[in-house]
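Here is a brisk report on a predicted model. Please look over the sequence and the structure before reading on.

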Amino acid sequence: MQYAERILDAIDMETFILARDEGEAKGFMGRFLADLGFTDHDIVFLEQVGPGVRVRARAYIHRPGGSYGWLAEGDDNGG
Amino acid sequence: MFKVGFAGTAKNTGKTTAVMYFLRQANIRKERVGLTGIGYDGEGFDHLTGLPKPRVICQGGCIIATAKGCLGRGTATYRILRDLSLYNALGQLYLLEIVSPGEIVIAGPNTRRDLQCTLDAFRQVGCELVLVDGAFGRLGPFAEVDGLILATGAARTPDIDSLVQDTRALEQIFALPVANKPKEIQGGNTITLFLEDGGVKKFKSASLLSRALVTKIARSVASAAVVFIPGAVPGELLWQLYRKVGKGFAGKTMVFSDPTKLLLSGNYKKTGIALEGFIGKGGRVVVKKRIPLLALVINPFYPLSTNNSFRKAFINYDILKQALAEVSGVPVINVKETRQNYYLDASRREVRVD
Amino acid sequence: MVAEKKKILLVPLDPVHDMGLKLIRKALDDKGHSTVLLPPGMEPYEVVERILDEVEIDFVLVSRTLGYRVGELLARFVDLVEVSGLRDRVTLVVGGMAVRPELAAEMGFDAGFGPGTTPGEVVAFIEDRPFAYGGRAEASEGGKRDLTHGFSYVYRKKEIQKRLAAIAGDIMGWAANKTSPGVERARLRFQALNKGEKYREEFLEEYLDYCDELVVLSYKRKQLPDQTRFLAQDELHFLKQYQNWEGRSKAARSGIRKPDVFIQYGTGCPLMDIMHIKVCEAWGADGLVHFDPSGGARTEGLLEGYLAHGEDGTLLTWENLRLIKNFLAPNTLWQVRAHRGLNTPETVVLAGELGADLTKINMAYASLGAGMDPARITIDGVEAIRWAAHYDLPFDVVTNEELSGVPAHKAFAGMLIIAHLALQLGGRPILQPLFCRSPEVMIYGQMRDNYIDYNAAKILALQQIIDAPLWPGAPIGFLTHTEDRVQSSLTTALHASLARSLGVEAISIASSDEAYAGGPIAAASRVDTLRATHEAFRFFGRAGIQPTPRAREWSKELIAGISKVLKDVANSGSFVQSLYRGLLGGPEDGAYPGRVGRDTLLRKEKGKDV
């Protein structure tokens with residue numbers, strides 16, 4: 001995760017998923033984020049229009065008040 | 001052609017599972033079988049509760065009536081036999097023949113008249129047996145079928161005693177004799193009292209809609225020979241009518257269109273009590289059309305509601321089955337567990353065991 | 001056509017009234033329908049009593065937020081209507097949070113409207129007009145729009161008309177005895193398509209004489225160009241589910257019908273195109289432009305089959321176009337552009353035979369901005385216009401040479417020449433000025449303060465010259481986009497709003513990947529700009545964007561400039577020579593006449609080189 005440490009707070013992923021409905025898309029996206037190794041994630045936005053669902057998913061890397069990986073920036077030379 | 005409707009006493013009682021069971025049995029027997037539904041089935045989950053629902057799987061040669069909006073949602077391949085020129089909320093209805101087996105999503109005719117047209121189409125393509133999957137809360141279109149299979153179980157109530165009472169009432173409703181005397185088969189589209197003096201008193205409504213209407217009818221019963229209610233007969237209101245008329249019912253006849261009209265409100269117990277009451281006071285209760293109960297299908301599963309979501313729960317199904325079998329004159333089947341082969345016999349018009 | 005007036009019972013089965021039902025009632029009343037709104041919280045049986053009491057109710061609209069038990073309640077209501085003998089008399093509709101068509105079907109309603117439904121969609125359903133769940137109803141109100149409808153093509157500047165007539169006369173005279181491989185292929189293609197499969201052998205024998213080696217090999221040896229492949233059966237099969245598909249769509253617009261919003265598709269693969277098309281239609285695109293690869297435009301002859309390749313632009317083949325056409329929603333306008341290559345007339349024949357709604361032709365742009373030899377493209381262009389007239393296919397006259405540095409007045413002069421020629425040949429041209437931050441304005445500063453005035457000036461100038469339809473393109477906002485999706489979507493939406501404010505017929509918009517050159521456009525980027533555009537339309541509504549007085553001053557300068565260029569071209573006595581000599585844009589502007597198809601003209605009848 002050394003690259004991810006440089007992310008200020010969160011990373012958003014926006015896409016269009018072919019899904020029957022928003023529930024299915026939410027499930028797909030959640031599992032996808034988990035597969036990518038993100039443990040703290042949320043589905044910010046879902047809207048089913050057309051053959052699928054517009055999705056904005058978010059993985060939090062550093063929540064405010066947590067410990068910020070980028071504080072240790074110098075140590076690994078930024079990854 | 002034998003037209004069989006599958007109804008549930010509540011949501012998630014296992015209608016579609018029962019449909020799938022009898023469809024498989026028909027396939028084994030190589031019958032030309034048709035399948036449609038008056039709701040929406042086959043997508044694998046319930047659109048309201050999000051709980052899993054059975055997929056609908058069809059073999060090659062099966063004839064399906066479903067809406068345009070369902071095509072392409074399944075894995076079965078099909079060819080379109082004809083456009084039925086009927087519509088539901090998912091678009092135009094088509095008659096399909098399954099080419100290669102797979103899943104299919106079904107949303108068929110949503111009114112009695114449309115179901116009748118659809119069943120005609122099944123007949124024209126040579127179906128011997130047609131299964132009509134129900135939708136909970138709706139029995140209206142089932143006035144068109146030749147027999148009903150009722151799914152009941154824990155999803156209606158996890159209380160076995162209560163289920164037994166319900167089942168007893170159902171037996172009673174389905175056992176009502178068919179109208180055969182001249183004065184009983186007179187009709188009309190709305191509630192009608194055929195009076196002792198040969199006169200006729202008509203009401204605007206076909207259904208027993210309100211207490212106010214019950215009161216009006218009760219007032220006129222004394223002079224009536226026959227009370228005909230063609231539409232819905234909610235258990236609670238029928239019971240109210242019984243309470244108001246009571247002994248006054250001696251020697252009079254109550255006529256309903258068919259048993260489904262007595263099931264609509266879902267309050268079977270009240271209906272049963274009222275019917276028993278009418279008969280007990282010396283009245284006669286008949287239906288214009290009998291729709292026999294062919295079997296009870298039981299399901300121990302029920303959705304348990306917890307904090308805005310639902311999860312699966314079960315009751316002891318051995319006890320349930322035994323209890324229901326004691327009060328029921330028709331086969332009581334748990335289609336998921338049974339080792340026997342129950343099937344729908346199109347010529348005898350009943351459920352039989354192989 | 002006036003819709004039949006209906007009687008509608010509006011039923012808030014919820015304990016409280018919902019606003020949606022009131023808005024729907026207003027929309028229905030406005031259309032002259034008769035409505036009865038019941039108080040909230042009535043019991044289903046009471047509603048049935050009201051249906052019995054009211055005379056001739058045609059529709060019952062129930063609104064209710066769904067929950068587990070509510071589904072049963074609504075299903076029982078439907079059943080009660082049925083067994084009370086009223087079901088065949090009334091159409092039952094349910095609306096509310098969580099309502100989906102599937103649920104409506106499950107509960108036995110004839111239609112279901114969920115969140116995001118506009119009153120207009122409900123009205124469309126009641127008036128039995130085509131609609132899709134959640135949108136497009138208003139877009140479909142009049143069916144497909146003819147962008148040229150109501151335009152007289154009357155000139156308001158007689159001097160300009162006189163000069164255009166002289167130039168068009170010159171072009172027709174010059175072209176009279178010339179033909180080209182492209183012209184001949186179009187003729188053969190037309191014959192083949194109208195004579196059927198039997199004629200194929202005969203067709204190919206002659207057709208391939210006029211084709212490049214690459215095309216000949218593909219027909220004779222099934223040898224496809226690099227990175228090109230046939231679509232597989234399972235890929236085509238996958239699409240079956242989208243045939244006659246009516247998915248959930250976004251409401252397209254609020255109130256004002258114009259402009260139609262076009263997007264360009266051309267991912268390189270017809271299957272991906274169709275998926276993008278379905279996304280775009282659903283998110284409010286009214287029209288689609290088939291974007292073909294530039295390589296194909298420099299090759300004599302068209303390939304055949306369901307072909308995909310890894311480059312920008314989808315190959316023009318009869319099969320590809322027909323496949324795509326089969327998946328378009330009924331009201332989607334479809335443009336197959338023909339404007340810039342060696343296959344221009346043949347492309348118009350394909351478009352016409354397949355029932356496209358629009359094509360795109362401009363010989364001046366093709367020469368100055370797309371690399372075509374002026375002589376060759378003039379011959380092919382004249383023939384393409386004739387075919388367009390034959391099929392009654394309107395076409396836009398695009399002016400993308402502005403992007404090469406040609407100033408607007410020169411580009412417009414070229415556009416007006418082609419438009420006039422089209423009118424002479426019985427065609428229906430649509431003028432397509434660019435809304436762009438062109439090299440011209442970067443040098444001369446017309447956009448130093450704002451992007452509004454100069455774009456508005458272009459529209460005002462053209463409106464003062466001729467009563468013709470206008471379709472800023474293609475896409476609007478050229479050279480204002482960056483790779484940032486917010487910036488890109490916003491600039492598109494603002495340019496679209498300007499176009500709407502100026503009352504044009506149509507616009508073409510880019511995706512938010514417009515400035516990204518590293519790879520294909522993603523579907524989500526198409527959603528970005530469609531969404532932004534419709535949000536901006538919603539924001540501005542009938543309120544317009546007000547240009548400063550500079551716009552009118554610049555429009556006068558533009559008209560004077562156009563007039564001057566047309567005078568020079570008319571005096572030169574040759575449109576084609578004017579292109580070579582740079583009168584419509586030349587080296588001092590950064591534009592050079594192209595070389596593709598040079599020395600390929602043939603003499604008519606004798607089939608000899610010119």
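## Helix α11 of chain C

Helix α11 of chain C covers residues 270-282, 13 residues in total, and at 1.5 Å a residue it should span 18 Å; its end C-alpha atoms lie 18 Å apart, which agrees. The expected span is 1.5 Å times one less than the number of residues. Helices (H or I, at least four residues) and strands (E, at least two) are DSSP runs, numbered from the N terminus.

Because 12 of its 13 residues are buried, α11(C) is largely enclosed by the rest of the structure. A residue is buried if 20 or more other C-beta atoms lie within 10 Å of its own, exposed if 12 or fewer, and partly exposed in between, with C-beta atoms placed from the backbone. Charged residues are on the buried list, including D273(C), K278(C) and E281(C). Just after the helix, G284(C) adopts a positive phi of about 105 degrees.

## Basis of the model

The model is predicted: local features need pLDDT of at least 70, side-chain atom pairs count only at pLDDT 80 or more, and totals for chains, interfaces and linings use all residues. Residues are numbered from 1 along each chain as its sequence is written, while chains are lettered from A and ligands numbered from 1 in the order in which they are written.

## The two chains

Chain C has 23 helices and 18 strands. Of its 610 residues, 58% are buried. Chain B has eight helices and 20 strands. Of its 354 residues, 55% are buried.

Between the chains, 38 residues of chain B are in contact with 35 residues of chain C. Contact means that the C-beta atoms, placed from the backbone, lie within 7 Å.

## Nonpolar cores

The largest nonpolar core has 163 residues. Such a core is a set of buried Ala, Val, Leu, Ile, Met, Phe, Trp, Tyr and Cys residues joined through C-beta atoms within 7 Å. I64(B), L131(B), L61(C) and V93(C) have the most contacts inside it. Apart from this core lies another, of 153 residues, with I277(C) and A282(C) among them.

## A parallel sheet in chain C

Five strands of chain C form an open sheet in the order β2-β1-β3-β4-β5, with parallel pairing. Strands pair if DSSP finds at least two bridges between them. β2 (34-37) and β5 (111-113) stand at the edges with a single partner strand each, so one side of each has no neighbour in the sheet. Inside the sheet, β3 (residues 59-63) and β4 (residues 91-95) of chain C are joined by five bridges. V62(C) has V94(C) as its bridge partner in β4(C).

## A mixed sheet in chain B

Chain B has an open sheet of five strands, ordered β11-β10-β12-β13-β14, with mixed pairing. Its edges are β11 (200-202) and β14 (284-287), each with a single partner strand, so one side of each is left without a neighbour in the sheet. β13 (residues 253-256) and β14 of chain B pair in the parallel sense over four bridges. In β14(B), R284(B) is the bridge partner of T253(B).

Key:
Two residues are in contact if their C-beta atoms, placed from the backbone, lie within 7 Å.
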